Amino acid sequence: MVICPAPFARARRRRGSISVELTVAMGLLVAAVLPLSVSFLRDALALRGQYHRAVALEIVDGEMEILAAGEWRAFPPGRHAYPVKAGAATNLPPGTFTLTVTSNRLRLVWQPDARGQGGPVAREIRRPPGPDPTATPLP
């Protein structure tokens, strides 16, 4: 007498092998896609930082032109918080604009509050010739 395995046993083995194949395929997919997703995330963060830096650079350059045209006379020598009127400043992360006026230089700096947001942007020029606002007029 020959004993044949039950028909259900063969089907169970097939389902088991399909489960193993599916698990291996998912593992390979995760191993391939996970590094790509991390790479895309890093690229997105780097691009966002470069975007913030480009916006800050445009604002600092524009404000420096305004200062060079004569607006610097409204600031005495020293370090001052600089109010920015540019609408594009809303695209920047939180940070501060600082103007430093010395006897012969003007320096405008944007410094973000947190790391990874483009880094500081600075522009420095020689102070244009003109009357010194701190000098006392001659009688």
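Biologist: What makes Arg107 count as partly exposed?

Modeller: This is a predicted model, in which local features need pLDDT of at least 70 and side-chain atom pairs count only at pLDDT 80 or more, while totals for chains, interfaces and linings use all residues. Residues are numbered from 1 along each chain as its sequence is written, and side-chain values use heavy atoms, with hydrogens and water left out. Buried means under 20% relative accessible area, exposed means over 50%, and partly exposed lies in between, using a 1.4 Å probe and protein chains only. Arg107 has 35% relative accessibility, so it counts as partly exposed.

Biologist: Why is the pair of Glu124 and Arg107 called a salt bridge?

Modeller: The term asks for a side-chain nitrogen of Lys or Arg within 4 Å of a carboxyl oxygen of Asp or Glu. The closest N and O atoms of Glu124 and Arg107 are 3.0 Å apart, and the pair forms a salt bridge. Glu124 lies in strand 4 and Arg107 in strand 3, so this pair ties together parts that are 17 residues apart in sequence; helices (H or I, at least four residues) and strands (E, at least two) are DSSP runs, numbered from the N terminus.

Biologist: What makes Arg105, Arg107 and Glu124 a network?

Modeller: Glu124 also forms a salt bridge with Arg105, where the closest N and O atoms are 3.4 Å apart, and salt bridges link Arg105, Arg107 and Glu124 in a network. Glu124, with a relative accessible area of 41%, is partly exposed, and Arg105, at 31%, is partly exposed as well.

Biologist: How do you know that Asp61 and Arg123 tie together separate parts of the chain?

Modeller: Their side chains meet in a salt bridge at 2.8 Å, N to O. Asp61 lies in helix 1 and Arg123 in strand 4 (residues 121-126), so the pair joins parts that are 62 residues apart in sequence.

Biologist: What is meant by a nonpolar core, and which residues have the most contacts inside the largest one?

Modeller: A nonpolar core is a set of buried Ala, Val, Leu, Ile, Met, Phe, Trp, Tyr and Cys residues joined through side-chain atoms within 4.5 Å. The largest has 17 residues, and those with the most contacts inside it are Leu67, Tyr82, Leu92, Phe97, Leu99, Leu108 and Trp110. Helix 1 (7-68), strand 2 (95-101) and strand 3 (105-112) each give two or more residues to this core, and helix 1 gives the most, with six.
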